[in-house]
Amino acid sequence: MAANMFVVPQTRGTVLCCKCGIPMAPNPANMCVTCLRLEVDITEGLRKHVIIMYCPECESYLQPPRTWIKAQLESKELLTFCVKRLENDLKKVRLVNAEFIWTEPHSKRIKVKLKVQKEVLNGAILEQSYVVEYVQQDHMCESCTRFQANPDQWVAAVQLRQRVAHRRTFFYLEQLILKHDAAVHAIKIKQMDQGIDFFFGNRSHAVKFVEFLGKVAPTKSRHDKQLVSHDPKNNNYNYKYTFSVEISPICREDLICLPPKVAASLGNLGPLVICTKVTNNIALLDPFTLRQCFLDTDQYWRHSFKSLLGSRQLVEYDVFDVEVVSPEYNVGGSKYVLADIEVARITDYGKLFYIRTHLGHILKPGDRALGYDLYGANSNDMELDKYKGLVLPEAILIKKSYEEKRQKKRGKPRSWKLKSLDMEVDDTKGRAYEEKMNSEYEGFLRDLEENPELRFNLSLYRNRDYQPSEMASVSEGDDMPSVPLEELLADLELSEQEDGEDSMRE
Amino acid sequence: MATRLMFENSCEVGVFSKLTNAYCLVAIGGSESFYSTFEAELADVIPVVKTSIAGTRIIGRLCAGNKNGLLLPHTTTDQELQHLRNSLPDQVVVQRVDERLSALGNCIACNDHVALTHTDLDRETEELIADVLGVEVFRQTIAGNILVGSYCAISNRGGLVHPHTSIEDLDELSTLLQVPLVAGTINRGSEVIAAGMVVNDWTAFCGADTTATELSVIESVFKLREAQPTAIVDEMRKSLIDSYV
């Protein structure tokens with residue numbers, strides 16, 4: 001319909017402004033903008049001068065009554081904060097634009113130019129911009145005051161313990177924590193005997209950390225609180241919260257004799273099992289039947305048991321003969337082959353053992369292997385006693401040993417390195433303890449090299465000091481497990497960034 | 001010559017008075033100063049008549065007229081009608097109109113030759129206007145408003161219309177009315193022109209709020225600067241004498 005109508009084009013004429021007489025387009029007020037601005041000031045009654053509190057320690061601004069907002073100068077967060085402070089005023093007018101006007105950083109003044117619109121006279125909308133000045137007053141926020149008063153003061157502590165004689169778990173956990181930034185809010189981290197203590201300024205941070213631990217390790221935790229102060233007037237109670245987290249003593253490569261109840265619940269898993277993997281589930285492998293089972297955290301703690309022999313009791317064996325008995329089985333992602341094997345301890349070549357092992361796929365005559373010497377061990381285990389008529393094998397092999405090849409590489413640096421947490425270490429234990437720690441750490445690094453699945457969850461960084469040309473000249477007969485460069489490449493950018501930062505600091 | 005005045009603290013002079021080339025009607029107000037301003041300007045030349053229409057003071061908006069006649073709404077009482085017939089000169093035909101739209105001042109804008117009317121006016125009323133006022137009648141709108149009588153003020157020399165009138169509309173109206181037109185405001189930006197001022201061929205009265213700019217626009221478009229009342233009235237006298245003879 002509209003297309004067929006002839007519509008006369010309408011052009012707006014110009015009228016004279018009723019006050020100053022300059023020609024202008026007609027508007028509802030029929031005054032030119034200048035005259036209108038002279039008549040009406042829409043910013044009348046709006047605050048042009050505001051005082052805000054600023055904490056110089058943590059660079060945050062107070063939003064009453066209690067929140068402190070962290071913001072940099074001339075940032076989006078600061079602009080949002082400034083406009084929010086004027087919320088009451090801006091209800092009367094409509095805000096169109098807001099921007100910062102540059103002020104000296106140390107002048108303690110922030111200037112914001114706001115453009116507002118309001119309806120005046122008979123329907124004319126007037127737009128006007130005005131400047132609001134914010135005066136920054138220094139005022140320390142509560143957390144900074146508390147921190148200043150006593151920097152060691154913590155509100156929540158998490159005591160992480162594992163009742164074993166080695167620290168392998170804690171090395172691994174340290175790397176996991178670094179990867180997930182779980183201890184980012186920790187005020188202090190302290191290394192203790194058989195564990196680590198984490199201190200937090202906030203109970204919720206501690207709870208979050210305990211939950212994180214529960215996801216990566218089989219833990220049992222309990223919590224407690226202690227009253228520090230009490231304000232009777234407004235019934236405020238200040239507490240110190242403590243969380244006690246215990247990790248199960250079962251570690252990778254441990255030999256375990258399952259209690260009869262647990263063995264039965266897992267479908268009569270042979271009482272001797274090897275622990276292959278520990279996350280928040282414990283993976284148990286029966287080396288003779290190649291059956292793998294998983295124990296949940298709850299399941300473990302219901303009938304908690306200890307391991308029979310740990311990785312410190314591993315003994316080196318020389319392999320003489322291998323007879324493969326079964327085809328290759330894929331158990332939970334890893335391949336195993338049952339084989340009958342002839343071994344002897346390297347300390348005692350006189351005694352040969354014929355045993356069954358699950359490592360038939362990697363052991364060949366002439367190899368070295370690490371295993372548990374049940375023949376020579378004196379087991380004082382209550383669970384073992386419960387099994388009447390159980391025939392113990394003379395040895396159980398756990399893994400292949402690369403010790404000889406490591407001898408060649410002794411002293412040479414690795415191509416990769418790890419970061420570490422900022423921990424307070426107890427220095428009073430003496431030299432022997434330190435040496436033990438170092439050798440355990442070395443063992444942990446070797447573990448990482450040999451097991452790609454362990455490396456999967458961690459971040460490895462390229463070692464700048466490492467020279468690959470030296471390595472190429474050394475010929476290796478058998479391939480020694482080492483971390484391929486591709487796994488480090490992902491972290492290369494990180495280390496470049498780090499180096500870049502270093503150079504900037506210089 | 002344009003004069004500024006107020007009626008009882010209101011600047012809407014065109015509501016309370018009606019000015020033509022032959023007579024002037026003034027509302028009965030609280031103070032005499034309104035009437036005396038008109039008297040001072042016009043007494044020697046044309047009669048200034050105090051009246052009410054339908055018992056109200058808003059006479060400017062209720063009646064429409066020019067030198068030939070005066071149209072009153074059907075609500076006018078008989079006494080008022082008689083009073084007006086007695087006070088005005090004999091050649092001015094005073095006629096009561098039976099029309100649904102009774103605010104004739106808002107619906108009809110006229111000078112001595114042309115009239116613009118509300119689009120919904122009755123056919124009989126239109127014929128009556130043509131008869132009584134002796135004008136050519138056109139149904140029009142001004143800047144989209146149908147109350148043509150409120151949004152423009154015209155005399156035989158020029159006209160002032162609503163400020164939002166487009167240029168094409170101005171051209172069209174100007175062709176119809178055969179006078180120069182300008183879009184402007186009155187009383188400091190008010191768009192209701194006819195309510196804010198009354199005008200005839202040699203003088204105009206505006207509300208006190210009218211700014212100097214507006215006043216200069218009015219004086220220039222209605223050509224009031226060089227206007228001499230005597231010259232115009234002499235012309236009228238000639239035609240009067242003609243009728244006697």
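User: How many cavities of 30 Å³ or more does the structure hold?

Analyst: Rolling a probe the size of a water molecule over the atoms shows where empty space is left. On a 1 Å grid over the protein atoms alone, a cavity is a set of points where a 1.4 Å probe fits but cannot get out, and lining residues have an atom within 4 Å of a point. Grid points are joined across faces, edges and corners, and a volume is the space filled by probe spheres set on the points. The structure holds 4 such cavities of 30 Å³ or more, and the largest cavity contains about 320 Å³ of space. This is a predicted model, in which local features need pLDDT of at least 70 and side-chain atom pairs pLDDT 80 or more, while totals for chains, interfaces and linings use all residues. Residues are numbered from 1 along each chain as its sequence is written, chains are lettered from A in the order in which they are written, and side-chain values use heavy atoms, without hydrogens and water.

User: Which residues lie nearest the centre of the largest cavity?

Analyst: They are B:Lys18, B:Leu19, B:Cys110, B:Ile154 and B:Val199, out of 28 lining residues. The lining divides into 12 nonpolar, 12 polar and 4 charged residues; Ala, Val, Leu, Ile, Met, Phe, Trp, Tyr, Cys and Pro count as nonpolar, Asp, Glu, Lys and Arg as charged, and the others, Gly among them, as polar. Among the chain B strands that each supply at least two lining residues are S2 (17-19) and S14 (197-199), strands being DSSP runs (E, at least two residues) numbered from the N terminus.

User: What area is buried between chain B and chain A?

Analyst: The size of an interface is often given as the accessible area lost when the parts come together. Here the buried area (1.4 Å probe, summed over both parts) is about 1300 Å², and carbon and sulfur atoms give 50% of it. Contact (heavy atoms within 4.5 Å) involves 17 residues of chain B and 19 residues of chain A.

User: Which residues form the salt bridge between chain B and chain A?

Analyst: Side chains of opposite charge can pair when their charged atoms come close. The rule asks for a side-chain nitrogen of Lys or Arg within 4 Å of a carboxyl oxygen of Asp or Glu. B:Arg188 pairs with A:Glu39, their closest N and O atoms being 3.1 Å apart.

Conventions: Buried area is the accessible area (1.4 Å probe) that two parts lose on being put together, summed over both. On a 1 Å grid over the protein atoms alone, a cavity is a set of points where a 1.4 Å probe fits but cannot get out, and a pocket is an open set with protein on both sides within 12 Å along at least five of seven lines; lining residues have an atom within 4 Å of a point. Helices (H or I, at least four residues) and strands (E, at least two) are DSSP runs, numbered from the N terminus.
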